[in-house]
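Hi,

Here is the structure I promised to pass on. Have a look at it first, and my notes follow below.

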Amino acid sequence: MPKVTISSLGKSYNGQDLFHDLSFEVVAGTRLAVTGPNGCGKSTLLKLIAGKIKPDQGVLAISKNARVGYVAQEFTDEDLEHGLLSWVLAALPSWNTLWEDWEHAAATKDHALMEKLSQRQADLENQFGYNPEHKARTILTGLGFSEHSMLSKIEELSGGWRERAKLGRVLLQGADVLLLDEPTNHLDLEAVEWLESYLLSFRGVVVYVAHDLVFLNRVGTHVLYLGAGKAVVRRGSFTQFLEWRAENASQRSREAVKLSAKIESEYSYINRFKAQARKAAQAQSKLKKVVKLEEELAQIKLETDSHRAGRTLSFNMPRTSRGDKAAISVVDLEFSYDGKRPSLWPILNFQLFRGKKVALAAPNGAGKSTLLKVILGQLEPNAGYATIGQNTSLAYFSQHQSEILRSEATALSEIRRLCDPDTTEEQLKGVLGLFLLGQKYFERKVSALSGGEKNRLILASLFLSRANLLILDEPTNHLDLESREGLISALKDYDGTIFFVAHDRHLLTEIAEEIWALTDTGVEVFQTFKGYDKHRKNALAGIGTSSPASKEVVEEYKPAKRKLSKEEKRKQADIRNAIYKDLKPRLAEYAKLEKDLEKVMEEQAVLEGKLNDPSLYNNPGAAIELNSNYSEACSWSESLMEQMAELEEEIGVLEERKKEILDEG
């Protein structure tokens with residue numbers, strides 16, 4: 001069973017400790033959420049476990065033969081030339097060599113080699129499954145890739161999709177210890193939920209860094225908090241950890257009050273008697289004791305100050321001017337990148353009224369970000385128009401907005417340049433503090449800021465610009481938990497209009513007064529994220545929304561037959577031929593899957609017979625291996641049955657359509 005053991009680990013940069021004397025152990029089935037403030041060493045810890053960097057001190061041990069999965073590689077020029085699916089599959093050992101060796105052994109009747117190759121095949125199937133390509137497609141589909149994009153070259157993918165490709169490759173490789181650094185950053189809602197399900201069924205060790213509160217709570221079994229003071233490992237969800245931490249901080253604060261009183265009392269004694277020879281030795285002894293008490297008090301203050309960081313700011317968000325009643329008006333809007341029909345979405349008509357806070361939602365690729373760009377005037381519509389009110393002032397955020405920052409300027413000079421000239425010092429410092437860009441960042445050059453820090457600087461500038469309309473595209477990407485909470489606080493306090501796209505479920509729940517879903521009929525309005533989420537999940541599960549009454553009406557209505565013209569008959573024949581073309585490969589695929597299932601079921605029966613043999617358990621190694629093979633066979637048979645069920649549904653729809661055509665004839 002995989003296990004990671006860390007003992008007295010230490011790592012520092014530029015003479016500053018990231019962590020010191022860090023010790024913990026994680027075993028199979030543990031999903032450890034690594035949390036803590038910016039710069040506390042979360043990503044560094046993952047690199048240490050992955051063996052990418054070395055610790056300064058201490059011991060880090062991973063159980064023998066455990067495979068470690070870590071997304072770190074950069075794409076080479078050769079990688080970029082590969083198709084996505086082939087590049088992901090290239091991570092697995094070549095099966096071709098195995099079959100070539102097998103054919104040679106069979107031709108030469110080398111039974112010893114054939115036995116070794118059988119074992120090698122079993123090992124490969126146990127590790128990577130019976131059908132690696134099917135597994136690769138399943139993972140890539142789960143991460144949001146379409147069948148078409150799987151054949152695209154890596155170089156044709158955007159930066160976010162390349163990151164998804166890296167994650168897919170690591171998941172396919174199989175790992176006993178899986179290390180993930182902010183895996184949800186480039187994923188939409190459906191892909192995040194798929195990854196949650198994948199990790200919940202993962203049998204090994206997962207150590208991950210994430211800033212998505214819902215993801216943290218759903219996936220983690222334990223929390224490792226790095227930061228001021230000693231690192232803490234607690235069992236339970238992240239919310240449970242926060243509750244414990246708040247209670248612990250309250251208790252430590254009470255301890256600090258008692259310590260302060262005790263130190264004051266001891267100093268009073270020392271000052272009274274240090275000059276008296278008879279009491280001098282006792283006073284000196286008390287002084288040593290006081291030094292230790294002061295060290296303890298300093299540690300408590302460090303821990304409690306860290307807990308309060310970013311939560312004690314008190315300021316008023318700059319008020320905005322009153323804009324037009326309709327901040328955004330969209331009329332008969334259509335758009336496609338090639339300028340031809342069909343449009344990315346149906347013809348759109350809507351108005352966003354002053355003061356509303358609305359989230360735009362839809363599956364990945366439905367055109368959410370494109371719609372924002374059309375509204376902003378960055379893209380020209382094919383038909384219709386989108387306008388922003390004359391008295392509406394706009395501020396926009398996207399992942400590429402950091403390009404407007406001047407790299408050689410300081411953070412403070414840039415925020416002054418971008419904010420409203422009437423901004424007070426209190427407001428300036430308050431908003432910067434809210435986004436964790438306090439005094440130590442003021443004179444730091446923009447070029448020295450991380451990607452997340454640049455995003456925080458841009459976000460802070462939006463609120464200081466006094467714009468009365470904010471358009472935000474994935475504003476929480478690359479923000480840590482405290483920054484996300486800061487953003488939520490700022491958006492709640494903001495008195496203008498907000499139109500945003502996000503996959504952060506916590507942000508959507510806390511901020512959106514309405515969810516506008518882009519559907520195949522236009523914009524559908526939901527009053528809460530919970531309502532939209534239920535609708536979305538029902539749609540993914542294939543659960544219809546039409547009422548039983550309407551279905552009854554449809555079923556009762558049977559139009560009378562009439563004679564068809566030659567032209568209508570020809571069209572019907574064309575439709576029947578098209579249906580047959582769609583039906584034939586599905587029937588062939590179903591027959592193939594049926595044969596595969598029969599083969600796997602036979603293998604299951606053989607394995608069951610072996611597992612029922614009591615003598616097997618005299619050899620624990622063989623028993624474990626056989627159990628593993630049996631589990632894999634069960635898993636593969638379930639997968640085959642799922643595929644067959646999907647095909648049955650598709651075949652049923654086509655057969656029904658064919659029957660309707662025949663009935664019409």
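A word on naming before anything else: helices (H or I, at least four residues) and strands (E, at least two) are DSSP runs, numbered from the N terminus. Keep in mind that this is a predicted model, where local features need pLDDT of at least 70, side-chain atom pairs count only at pLDDT 80 or more, and totals for chains, interfaces and linings use all residues. Residues are numbered from 1 along each chain as its sequence is written, and side-chain values use heavy atoms, with hydrogens and water left out.

**Overall**

The protein has 22 helices and 18 strands. Of its 665 residues, 43% are buried (under 20% relative accessible area; exposed is over 50% and partly exposed is in between, with a 1.4 Å probe and protein chains only). As for contacts (heavy atoms within 4.5 Å), take those between residues at least 6 apart in sequence: 70% of them join residues at least 24 apart.

R505 sits in helix α18. Is R505 buried or exposed? With 3% relative accessibility, R505 counts as buried. Leaving out residues up to four places away in sequence, R505 touches L189, V192, E193, E196, D212, V214, F215, R218 and F529.

L333 belongs to strand β10 (residues 326-334) and is buried too, its relative accessible area being 0%. Beyond its neighbours within four places in sequence, L333 has contacts that include W345, P346, L371, P381 and Y385. The C-alpha atoms of L333 and N382 are 7.6 Å apart, although 49 residues separate the two along the chain.

D596, in helix α21 (residues 566-611), is partly exposed, with a relative accessible area of 24%. Its C-alpha atom is 9.7 Å from that of W636, which is 40 residues away along the chain.

Where they meet, α14 brings A411, E414, I415 and L418, and α16 brings L457, A460, S461 and L464. Sorted by class, that contact has six nonpolar, one polar and one charged residues. Ala, Val, Leu, Ile, Met, Phe, Trp, Tyr, Cys and Pro count as nonpolar, Asp, Glu, Lys and Arg as charged, and the others, Gly among them, as polar.

Helix α15 (residues 425-434) is largely enclosed by the rest of the structure, because seven of its 10 residues are buried. Those are Q427, L428, G430, V431, L432, G433 and L434, and they pack against α14, α16 and α17.

**Positive phi values**

Most residues other than glycine have a negative phi. Just after α15, however, L436 takes a positive phi of about 55 degrees. K109, which is not a glycine, has a positive phi near 55 degrees. K109 lies in the loop between α4 (95-108) and α5 (111-128), and is exposed at 63% relative accessible area. R466 also has a positive phi, near 65 degrees, and is found in the loop between α16 and β15 (469-473).

**The cavity**

How many cavities of 30 Å³ or more are there? A search of the whole structure finds one. On a 1 Å grid over the protein atoms alone, a cavity is a set of points where a 1.4 Å probe fits but cannot get out, and lining residues have an atom within 4 Å of a point. The largest cavity holds about 30 Å³ of space, where grid points are joined across faces, edges and corners and the volume is the space filled by probe spheres set on the points. Its lining is made up of H211, L213, L481, R484, I488, D504, H506 and L507. Helices α17 (481-493) and α18 (505-511) each supply at least two of the lining residues, with α17 giving the most, three residues. By class, the lining has four nonpolar, two polar and two charged residues.

Cheers

How values were computed:
1 Å grid on protein atoms, 1.4 Å probe; cavity = no way out; pocket = protein on both sides within 12 Å on 5 of 7 lines; lining within 4 Å.
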